[in-house]
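Thanks for coming. Please have a look at the model first.

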Amino acid sequence: MGMPVFIVAGLLVHCVFLASIFDIYFTSPLVHGMTPQQTPLPPPAKRLVLFVADGLRADSLYELDSNGTPRAPFLRSILENIGSWGISHTRVPTESRPGHVALIAGFYEDVSAVAKGWKENPVEFDSLFNESKYTWSWGSPDILPMFAKGASRDHVYTFCYTAESEDFGAQDAAKLDTWVFDHVKSFFNSSRSNQTLYSALNEEKVVLFLHLLGIDTNGHAHRPNSREYKENIRKVDEGVKEMASMLDNFYGNDGKTAFILTSDHGMTDWGSHGAGHPSETLTPLVAWGAGVNYPQRVASQFFEDNFLEEWKLENLKRLDVNQADVAPLMASLIGVPFPLNSVGTLPLEYLNNSAHFKAESIFTNAVQILEQFKVKMTQKEETTLSFLFTPFKPLSDSEQMNFLKKARLYIQQEKYDEAVSLCKTLINLALEGLSYYHTYDRLFLGLSIAMSFVGWTAYVILVIIKTHTNLTKTVQSSDKESTVLLYGFAFVGMIIAFFLLIQTCPWTYYIYCLLPVPVWYAVVKELHVIQDLAANLLSLPIGQSMGFLLVCVLGVEILVFSFFYRSTLTVGLLVFAGWPVITQLWVQAKTTVLIWILLCVLLAIFPLMPVVGREPNIPLVIAAGLLTLLISCSYLAFFRKSKNRYVNNEDLKVQFYQMLSIALSTYVVSSTHNSLQNKQGLPVFNQIISWTTLVSSSVLPLLSPTFLFQRLFSILLSLMSTYLLLSTGYEALFPLVLSGLMFVWINMEQEALQHYSLSLKPKLAVLNFSYATDITHFRQLHLDDIRRSFFFVFFIVTAFFGTGNIASVNSFDPASVYCFLTVFSPFMMGALLMLKVVIPFVLVSCAFEAVQVTTQLSSKSLFLIVLVISDVMALHFFFLVKDYGSWLDIGTRSDILIKEHSRSALCSTAREKCIQHSLHYKSMKDLVPSTLKWAGTKKRKSSSESLKQRGSLNIFGCTACRWEFRQMQAAGCWGRLCLLRLDSVCAALATMCW
């Protein structure tokens with residue numbers, strides 16, 4: 001297989017692998033075509049008022065202040081005298097979009113919903129608002145539009161403040177809630193002079209939705225235990241009281257208004273949400289008004305959380321529900337059809353109605369969920385051969401009829417308790433059946449993808465052995481054998497395609513199931529390589545072969561384990577510290593080894609540091625800036641003292657400007673923090689400096705000398721100035737320690753080359769990257785090169801996880817971007833956080849390119865090894881992907897899989913061209929013409945010739961980045977799964993720095 005074909009095949013396999021993750025694990029569970037189900041009896045309420053206090057924790061609302069007074073006096077009097085109360089248990093991920101969808105549509109939104117962000121609906125779904133006659137809503141532009149868009153008719157109206165109002169640096173975010181209350185009052189006042197609006201408001205089946213974002217915003221900005229957060233709760237309580245009084249007066253106290261107050265999610269003590277901590281999943285639920293039960297006095301009750309005594313509510317019955325149960329409750333109160341995709345179970349204890357009404361309502365609930373099950377089963381049955389179809393036996397057609405007939409008979413016989421119990425059993429079975437059919441093809445598709453990926457990994461290993469080692473002999477297979485092999489695999493492919501065709505499978509199934517055929521054909525074609533490899537392995541002592549294999553497996557497993565437990569990185573770095581001692585390298589370079597050990601130990605501290613629950617530590621950020629300046633001055637003094645002939649005045653000007661950027665960044669961080677603490681907002685001057693520094697940091701390294709350490713140091717200074725602006729604590733020191741270790745790593749690899757007598761030691765100080773592409777003498781791979789590739793992968797993982805868990809949104813603090821902006825802008829904030837994650841990665845990638853050049857290895861050979869390591873890790877994560885749980889649970893598996901998979905797809909011609917033409921720029925003026933005209937210069941021809949002479953392309957390596965379309969937890973919206981690692985883009989970023 002030629003190099004262009006190899007590249008195309010690799011990209012294809014990895015693109016299919018990446019797409020399959022979403023197609024297998026993250027498809028929408030929603031189905032369409034169900035018949036709406038509505039309780040046949042008249043409802044108790046004509047209208048419903050829904051208050052959602054975004055980010056409100058249950059304990060923050062129910063607990064008493066230190067002086068024994070309730071924090072929300074009006075709501076406290078409601079639950080004690082005229083309403084019902086409990087805890088709504090949210091399902092992770094605890095974010096605003098899935099929380100509101102669960103409350104209003106009754107189902108837990110699938111992770112695939114991130115495809116279109118949170119202002120559009122990735123799939124159309126039914127909701128309480130859609131089933132109502134009229135819905136008016138007030139609040140955030142991030143939440144309201146998704147329920148208005150896709151409504152079956154023009155009856156859902158939204159009133160939103162501007163996105164700029166969501167400012168974390170504002171004096172008081174409670175103004176967002178005040179805006180809502182003021183506009184609701186103004187709306188009802190204006191209706192008295194608008195007969196059309198007045199008539200609509202007096203219709204039945206009306207919903208009023210008030211989304212209150214102030215509590216969430218104050219929680220993120222000041223933490224839930226702050227005065228601002230608690231004071232915001234008081235303002236919401238006063239606003240709810242005012243709204244209830246106004247509505248009662250407007251409707252003449254007709255007793256036909258039902259009120260519900262709840263929250264979409266809670267919040268941790270450090271001001272984040274998204275995971276499954278009780279402070280995030282326990283939200284308040286208070287209901288009162290028409291059709292709602294009165295408080296139920298009890299002598300005692302038991303809950304494992306032991307909150308009742310703390311809240312002084314042990315004598316009032318607590319009625320807990322799942323978050324999706326709120327939707328059927330609201331539908332039952334105002335008599336609208338249950339949302340078609342709802343999976344909630346009606347909480348009957350909240351209803352103040354007859355036993356007949358409750359039985360009919362829960363029966364309607366059961367039929368509505370059963371309708372979804374029947375549609376899902378029919379869809380799967382139609383696309384599966386009858387002899388291969390395995391139905392969900394507990395709910396066969398006959399069993400469904402038995403359940404429905406028996407429940408209807410119980411209702412007719414007025415055996416309401418029996419009917420309710422039977423309906424709840426039917427609901428549970430229908431939900432199990434929905435999950436069964438939703439994951440019906442998961443194992444089959446997963447095995448098909450795994451076969452493709454195992455075959456691809458095996459082929460890459462064979463390519464490494466064939467082209468970069470001396471373990472094989474060149475043997476030409478006969479044309480007859482090749483033809484037989486080709487026809488044999490083609491026949492297998494036709495059989496697979498035939499079975500898929502007669503089952504009318506989706507077109508993606510053809511790709512997933514047919515891809516193993518050409519992949520394994522390529523592997524079997526290299527049978528002679530396999531035979532030669534086996535012969536060489538058998539010639540070695542069994543203990544030596546098994547030991548080597550065990551070390552490789554252990555190394556990969558350690559890398560996989562580090563994604564779940566960051567402390568594994570600490571252990572690995574300590575082992576790395578002992579590497580020179582084990583291999584006797586310390587004998588020939590004692591000083592270098594001592595520095596290596598010291599830096600490994602220092603870097604090993606970072607994975608042990610907390611990533612959540614910590615307060616900003618600006619003095620540490622300032623200390624990091626000052627330390628960087630001190631190192632820069634020492635570096636500058638060293639070159640001035642040595643009168644280095646490779647440094648001219650222009651180079652010194654560039655470094656002075658970079659030092660000035662470091663100083664300004666340090667000042668901006670301190671100034672911005674003080675300004676926000678004093679609630680004076682983000683100073684415009686600071687914002688200008690921040691954005692200017694960000695732009696200049698990507699340009700200045702291009703102006704620096706192309707000598708090895710000078711260029712590396714220039715990259716560090718430029719990236720450090722930006723990293724300081726994105727830091728809030730100890731992580732500001734991380735790039736400094738990591739870069740120091742990378743500098744020493746380059747020197748250590750030179751010592752390792754001498755130790756194994758593989759190459760002469762080059763003079764690193766005078767190594768000029770502008771001539772690096774002219775190297776024509778490349779050596780074959782040595783076993784120690786596998787260790788180099790492993791080091792690179794380990795350092796990449798350390799770069800990503802060293803100061804946080806990138807798989808969890810809880811690792812990120814929105815305060816990191818406050819030097820750039822404080823107004824809520826999820827994609828801009830996400831992009832800045834992505835940049836913060838990428839910076840350490842770029843430092844490692846640049847160091848690895850330096851190692852490749854200085855060790856006289858073709859980068860193709862090293863990165864094929866990295867490719868194999870990453871592919872093996874990706875295969876691990878493929879079977880660990882979860883489509884449920886918190887962002888931590890989902891992200892630790894799915895987006896890590898994307899990361900590893902995308903790193904595996906790094907070998908591309910584009911990267912080769914990017915390296916050859918942007919890594920070695922001598923000046924900025926070379927950038928544009930070289931980029932626009934890759935192959936037209938004599939220099940390119942000579943490079944191509946030299947590459948041709950050594951028989952392989954020089955492919956620059958893994959410089960992957962994580963593009964996180966991850967909504968900031970700051971306003972609690974959703975959209976965080978689609979974390980795409982764009983290797984080639986980051987390659988351009990890293991190499992242009994060179």
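How many helices and strands does the chain have? There are 37 helices and ten strands, where helices (H or I, at least four residues) and strands (E, at least two) are DSSP runs numbered from the N terminus. This is a predicted model, in which local features need pLDDT of at least 70, side-chain atom pairs count only at pLDDT 80 or more, and totals for chains, interfaces and linings use all residues. Residues are numbered from 1 along each chain as its sequence is written, and side-chain values use heavy atoms, with hydrogens and water left out.

Some totals. Of the 994 residues, 58% count as buried, meaning under 20% relative accessible area, with exposed over 50% and partly exposed in between (1.4 Å probe, protein chains only). Among contacts (heavy atoms within 4.5 Å) with a separation of 6 or more, 80% come from residues 24 or more positions apart. The chain exposes about 39,400 Å², and 62% of that is supplied by carbon and sulfur atoms; the areas come from the Shrake-Rupley method with a 1.4 Å probe.

Now the sheet. Eight strands form an open sheet with mixed pairing, in the order β4-β3-β5-β1-β6-β7-β2-β8; two strands pair if DSSP finds at least two bridges between them. At the edges are β4 (156-160) and β8 (321-322), each pairing on one side only.

β3 (residues 134-139) and β5 (residues 206-212) are parallel, with five bridges, and W136 stands opposite L208 in β5. Helix α10 (residues 227-250) packs on the sheet, touching β1 (47-53), β5, β6 (257-262) and β7 (282-289). The direction of α10 makes about 170° with that of β6; axes are lines fitted to C-alpha atoms, for helices over the stretch in contact, and angles run from 0 to 180 degrees between N-to-C directions. Helix α13 (residues 326-334) also packs on the sheet, touching β1, β5, β6, β7 and β8, at about 155° to the direction of β1.

What about β7, mostly covered or mostly open? Seven of its eight residues are buried. β7 runs antiparallel to β6 over five bridges, with V286 opposite L261. On β2 (residues 83-89), the pairing with β7 is antiparallel over seven bridges, and S88 has T283 as its bridge partner.

Last, helix α18 (residues 479-502) contains F491, which counts as exposed because its relative accessibility is 54%.
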